[in-house]
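Keep the structure open while you read.

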Amino acid sequence: MSDEITWDKTVSDVNDGILAPTGKPHPMYYGALGLSLVCLLIGIVAWSLQIIYGMGLSGLNSPVYWGTYITNFVFWVGIGHAGTLISAILFLFRAKWRNSVNRSAEAMTVFAVITAGMFPLIHVGRVWVAAYWMVPLPNTNQLWVNFRSPLIWDVFAISTYLTVSLLFWYMGLVPDIASMRDRVRGFKRLVFGFMSFGWTGTLRQWHHYEAGYGFLAALATPLVLSVHSIVSWDFAMSVQPGWHTTIFPPYFVAGAILSGCAMVYTLVLPFRTMFRLEGFIRKEHLEALIKLTLLTSTIVFYAYGIEFFVAWYSGNEYEWAIFQKRATGPYAFYFWVMVSCNCFFPLAFWSSKIRNNQVACFIICVLINVGMWFERYNIIISSLVEDFVPGSWGHYEPSLTELAITIGSFGWFFTWLLIFCRFFPFVSMSELKLIMPKPLRSSGVKRQGTGG
Amino acid sequence: MKKQQPGIVAIFRYLDDICHVTESIRDSRDFRGHEIVSFTSYHELMHLAEERHGPSQVRWFTLVGALSGVFTGFAMPLWMDYDWPIVVGGKTAGIYSVPAYFVFGFELMVLFGALATIMGMLVMGRLPNPKARIYDKRTTDDRFAVFVPGVSVESEQARLLKEKGAEEVYSTT
């Protein structure tokens, strides 16, 4: 993609254009916040009931002990992947378009990983002792955790990912918070001054900031790839048919990035309208995001195909039986929703007309998110309901409590995101200025210019 | 409260002007202690910053943090497995599952490396600084600035900065 974009704004328009609407968002904002709070309330009530009455309220029972909660956990961790991909990997590749969407993707990552982190707590039932189970503390017999278990690997991976994502996000915010500090007075100024660490933008500060940002990106890049690989090992390290396969790490990473990119688009498009950011998040940037979504969709499509091929080619009859049942058995509906949403619908993105039709892209991206949720549901449930022993086979459907908590997780995620956007810039102002036409005496600061 | 040093602030609008000024006053004794302020990290300015401050020392923070992470990531499970071995399949205690420890080594390398990098950025950038001097509010918006301590607007330095394209030069206390 060409990095050249014709801008009708200059660097002088950035602070006013991005900060002014945060104080007075579009009415749509309040509608979205209200809806999110209702969803959150549903989730809180359902979880409270589950804590009071116990795990019997969930649909979890033999043989399916990993159900909707673990599906949600994997889904939300996956959503979180686009943030660091856009912040770190695209930064190292010098893809300039990422500067207009990186803040939204990073915020999305932080809130998605926090949401994901809640699901193991919800899943274990007795949440008040869950924290104790998840850190390497000796138990009552003075026995340490089992470091050979992928579950403890996951705790380390997710905690590291959340911490590094938070650091990345906050460091990016520091120069922007300093800009906010310089626009206000009184108590607000004190708060923003404290939050920006007293940033002044001297050459020395920028010099070390840029170096540190690069190192953070270099550290975060393998982290993106490792986190969902480790999540995939929660499954692949077992001997369960349908899970025990070496393709899982790259397959999970590609799926995570697909769902993350689709979610960034799903968020950026309405938020761009709510905060009147059309002049800064340009259609070319949105198109680049769609191209990335298309790329990851084709990788996922390939992974689905090769997974089937290997199940057949391995000659393992248990493995092959699971895959046949996935496509034709009682859970076939979920399987075909997954394939349609993740493989077939995104094929429309090959058309430049569709890529530039924002409504069509929005609908397809929402469908991809639906498809990615069903992918995790399909992987987890279909392998667990029918294991090696036919006598223990069963059936699983999520209970109302599980569905309500799932709805609540969306409410939780969107509530935090909407609150964040109300008070902080949704676009990284200091980084956006880097891809806009430079204020040069030779070319003047003009309304029309080209930049990344 | 510590009194801030008086001096002059010159405001620039154009990137090429500020780059030119940065280069020309870098080693000048008349501009000793000056600060260049920018609203973003333009590559041209970062190049000049590297010339002035040398390669950023943040890299050593990252290296030390990452290495200590690797060490901790292997040492922690090794010690815990030594402290109370979990004997699986009758395997002798004292045989450690080193391949599994790579996960902890890697994750803690990233975690400690990232934390140390942030610390490096703060320490080297002299942050947090609650008494930071805000040279001009426009420098976090769309203007560059040069602060020269200990001189007045009638000085030779102020005249030179105006000549180099400063939109405005004023004294600050």
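Phe12(B) has a relative accessible area of 0%, so it counts as buried. Keep in mind that this is a predicted model. Phe12(B) sits in strand β1 (residues 7-12) of chain B. Leaving out residues up to four places away in sequence, Phe12(B) touches Asp17(B), Ile18(B) and Val21(B), then Arg143(B), Phe144(B) and Val146(B), and finally Leu161(B), Lys164(B), Gly165(B) and Ala166(B). Take Ala166(B): 154 residues separate it from Phe12(B) in sequence, yet the two are 4.8 Å apart in space, C-alpha to C-alpha.

**The nonpolar cores**

The largest nonpolar core has 188 residues, and Val146(B) and Leu161(B) are the ones that touch the most other members. Who gives the most to this core? Helix α10 (residues 248-274) of chain A does, with 17 residues. On the chain B side, domain 1 (7-55 + 133-172) and domain 2 (58-124) each put in at least three residues. In soluble globular proteins, nonpolar side chains tend to be buried together.

Zoom in on Val146(B), again skipping residues up to four places away in sequence. Its contacts include Ile8(B), Val9(B), Ala10(B) and Phe12(B), along with Ile18(B), Val21(B) and Ile25(B). Glu35(B), Ile36(B) and Leu161(B) are also touched by Val146(B). There's a second, separate core too, made of six residues, with Val9(B), Ile11(B), Tyr135(B) and Phe147(B) among them.

**Where the chains meet**

How much area do chain A and chain B bury between them? The figure is about 6,100 Å², with 69% of it on carbon and sulfur atoms. Chain A brings 61 residues to the contact and chain B brings 72 residues. On the polar side, 19 residue pairs are in polar contact across the interface of chain A and chain B, both partners being at pLDDT 80 or more. From chain A, α1 (11-23), α7 (150-181), α9 (203-236) and α17 (429-435) each supply at least two residues of the side that touches chain B. The largest share of that side is from α9(A), with 19 residues.

One residue worth a look here is Thr139(B), found in the loop between α4 (98-124) and β3 (144-149) of chain B. Is Thr139(B) buried or exposed? Its relative accessibility is 2%, so it counts as buried. The side chain of Thr139(B) reaches the backbone oxygen of Asp136(B) at 2.6 Å. Beyond residues up to four places away in sequence, Thr139(B) touches Thr200(A) from the other chain as well as Val37(B), Ser38(B), Phe39(B), Phe144(B) and Ala145(B).

**Salt bridges**

Over all chains, a search of the whole structure turns up 19 salt bridges, and two salt bridges are counted between chain A and chain B.

| Glu44(B) | Lys438(A) | 2.7 Å |

Glu51(B) lies in helix α2 of chain B and Arg26(B) in the loop between α1 (15-25) and β2 (35-37) of chain B, so their pairing ties together parts 25 residues apart in sequence. Glu51(B) is partly exposed at 42% relative accessibility, and Arg26(B) is partly exposed at 29%.

Glu163(B) and Arg159(B) are four residues apart in helix α5 (residues 156-163) of chain B, so about one helical turn separates them. Glu163(B) is exposed, with a relative accessible area of 55%, whereas Arg159(B) is partly exposed at 39% relative accessibility.

Over in chain A, Arg181(A), Asp182(A) and Arg189(A) are linked in a network of salt bridges.

Definitions and conventions: Residues are numbered from 1 along each chain as its sequence is written. Chains are lettered from A and ligands numbered from 1 in the order in which they are written. This is a predicted model: local features need pLDDT of at least 70, side-chain atom pairs count only at pLDDT 80 or more; totals for chains, interfaces and linings use all residues. Side-chain values use heavy atoms; hydrogens and water are left out. A nonpolar core is a set of buried Ala, Val, Leu, Ile, Met, Phe, Trp, Tyr and Cys residues joined through side-chain atoms within 4.5 Å. Buried means under 20% relative accessible area, exposed over 50%, partly exposed in between (1.4 Å probe, protein chains only). Domain bounds come from an automatic or database domain assignment. Contact means heavy atoms within 4.5 Å. Buried area is the accessible area (1.4 Å probe) that two parts lose on being put together, summed over both. A salt bridge is a side-chain nitrogen of Lys or Arg within 4 Å of a carboxyl oxygen of Asp or Glu. A polar contact is a pair of N or O atoms within 3.5 Å; within protein, one must be able to donate a hydrogen and the other to accept it, and residues adjacent in sequence count only if both atoms are side-chain atoms.
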